[in-house]
Amino acid sequence: MRPPDDDEPQDWWIASTAIPLAAATTGPLANLMSIVALVIPWRNNIVWDQDQGDATPVEVGYKDPTWCISLNAISLACGLIGNIFLLCNFTRVVRYIVALPVSIVLWLLSTAILIGLTASMSIYESPTPPHQTYSEAYWSAVISAVLYFLLSIMLMVNMLGYFLGHYPQNFVLTDDQRTLILQTVGFIVWLAIGGAIFSQVIDISYADAVYFSNVTILTLGFGDITSPDPVARGLIFPYAVIGMIMLGLVVSSIHRFAQEISRDTVMMNHIERKRKAVVRRSESDSSDDTKLAYQQRHSRRRPTVSTITNPFTRTTRSSHSRLLMMREEKSRFNAMRAIQNETARWRRWTSLVISIAVFAIVWTCGALVFWALEDDMTYFSALYFGFCCLLTIGYGDIAPTTNAARPFFIVWSLLAIPTMTILISKMSDTLVRLYKRATSVLATWTFLPQEGQWSDIFKRFPRIGMAVLHTATNKRPHQAHPEAAELEKGALHQPKSTPNENKRLSLEDFAKDPAPSPSELAQQLAQAIQQTIKDALAGEAKEYSYEEWVGFTRLIRFTHPQTKGVDGASGMVLDEDEYGVLNWDWIGESSPLLAEKTEPEWVLDRLCESLVRYVAMKRAEGNGVDMKG
């Protein structure tokens, strides 16, 4: 068994993180079902109301045996204490090796008590049909027992992973995950409060009041239970608004958690597998000389400045050899970029397929249960009902009516609605993106062309341009196409001159002029910092081209100390990875493209470090800092 904190590798991610998080968010729901099972009787008498013309049956509960109520209260207490110990474990108030076994034992005890109660009730005190039936509280106890049992098994899997040494004895959760737990607890408490309030003002049972609160917050509006009293209608205003906000926060946290799984676990593992495969292929295909050069360049021993493979320092190396080296590095850069793009596509489509599969399971299996629990519902009607609930349509033509279907609906809906939300998000990330791109391309080439777009085509195909020119001038002599008029002026054969435009340097330009003057580099460094700040604040993760990376790298490396392994400004011995910029490989483990930050954020950090080194070097020289360059 491992100590609470260690640096050894951790695996079994699902057992170490997903399972405890699922247990902490589902435990309060099991507690709510236990509360419903305690506060109302488990059996109802069916009474026919003769005041209405159709003689509507009305269910009236009658008292349960004392032993049933007592054991039911003990089961609820065990479930609540077990949930509290689990939450204390997350906050490290109680040790893992103490809190988790206590939660498992208490939840298993609650399960055993509820199973014993339901079995004993059906044997010794079962209702007599057709004038008696089990109430919603009885079926809430059954659901609560199932939830407690499943949660106990999940925590046992977590304990097994700890005993086998796959992770230390703590729950390493992010702030978003802790927030999700608190939001879920708050939402369940809000449902319980709504049940207590509306059971009094509408004069319905606590189980029906919880069901009414759930339908209200989910904006389903079946209409099977309404609030005729003005006081109840007035209370719905604040209750529904606050509940919707709390539900939105829970769904948002679940969505972020799903994105975190996709990005940090699935996507990074996929990139790592692809990267290792590319490295193996490149090493097997490369010559012995290339392997030797690569090993020397990326060895753990820090090379001296004169032997560093740096295409931006003035050496006796010819521009042709620098260009060859840049092209070799660009091929590795393109390989890593291809891995990123392929992984991004794989992640989007894989997430969409998984979301569709989960949605289909929740939808079809939920319909199967509703079909079994409702007397007059076909399976197709159950599918229709489940679909309307998942999309929060709520026509009200079909609603759960039996005492077993309503408690199940509460649990099912709270699990299904986030599933539908995540599916819509994944669809917008893939299908909607493809649709927007297709409509943008169609609009660009038809109704909303970009400036100069047709001019480029006319320049590439002069005959087509001249034909468009003659057609436009013949048909509309006073409203000729502006780009056709450009052709008429002779712009077809004369490229536009933009002397003030900043020209993007090519690899040949970098190879010919590898090291501008320090003042020029300092000015370019300030401009690059300004540009990367804009890119970092743009909202979308910008990806730089290799030529842009070469320019950034030159600005980062030109402030390196010129002494062998020693910082000239501070006299401090430099390690190879102190600044993270001395020597990296584009498809290596230290590649900037594998950083957790976005590319603008990573480059901005390195550029600022370069600026700090430049100022320190100037101060050490005793000349001050000329900010005007």
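The model is predicted, and local features need pLDDT of at least 70, side-chain atom pairs count only at pLDDT 80 or more, and totals for chains, interfaces and linings use all residues. Residues are numbered from 1 along each chain as its sequence is written, and side-chain values use heavy atoms, with hydrogens and water left out.

The secondary structure of the protein chain comes to 18 helices and three strands; helices (H or I, at least four residues) and strands (E, at least two) are DSSP runs, numbered from the N terminus. Of the 629 residues in the protein chain, 44% are buried. Buried denotes under 20% relative accessible area, exposed over 50%, and partly exposed the range in between (1.4 Å probe, protein chains only). Among contacts (heavy atoms within 4.5 Å) with a separation of 6 or more in the protein chain, 75% are accounted for by residues 24 or more positions apart.

Helix H9 (residues 319-373) packs with helix H17 (residues 546-557) at an angle of about 120 degrees, and their axes are 10 Å apart. Axes are lines fitted to C-alpha atoms, for helices over the stretch in contact, and angles run from 0 to 180 degrees between N-to-C directions. The crossing of H9 with H17 is right-handed; a crossing is left-handed if the near helix is turned anticlockwise from the far one by less than a right angle, and right-handed if clockwise. On the H9 side, Met326, Glu329, Lys330, Phe333 and Arg337 meet Tyr546, Glu547 and Trp549 of H17. The residues of this contact divide into four nonpolar, no polar and four charged. In this division Ala, Val, Leu, Ile, Met, Phe, Trp, Tyr, Cys and Pro count as nonpolar, Asp, Glu, Lys and Arg as charged, and the others, Gly among them, as polar.

Gly366 is also found in helix H9. This glycine counts as buried because its relative accessible area is 2%. Beyond residues up to four places away in sequence, Gly366 touches Ile361, Phe408 and Trp412. Gly366 and Ser413 are 47 residues apart along the chain, and their C-alpha atoms are separated by 9.3 Å.

The 23 residues of helix H18 (residues 599-621) should span 33 Å at 1.5 Å a residue, and the end C-alpha atoms are 33 Å apart, which agrees. The expected span is 1.5 Å times one less than the number of residues in the helix. Buried residues of H18 include Trp602, Val603, Leu604, Leu607 and Tyr614, as well as the charged residues Glu599, Arg606 and Arg613. H9, helix H16 (518-536) and H17 are included in what covers the buried residues of H18. Cys608 is partly exposed, with a relative accessible area of 34%. Just after H18, Gly622 takes a positive phi of about 80 degrees.

Helix H4 (residues 136-163) has 28 residues, which should span 40 Å at 1.5 Å a residue; its end C-alpha atoms are 41 Å apart, which agrees. Gly165 follows H4 and has a positive phi, near 80 degrees.

Val241 lies in helix H7 (residues 230-285) and counts as partly exposed because its relative accessibility is 48%. Between Val241 and Thr216, 25 residues apart in sequence, the C-alpha to C-alpha distance is 9.7 Å.

A search of the whole structure finds zero disulfides, a disulfide being a pair of cysteine sulfur atoms within 2.5 Å. Cys388 is in no disulfide, and the nearest cysteine sulfur, that of Cys389, is 7.0 Å away. Cys388 is buried, with a relative accessible area of 7%.
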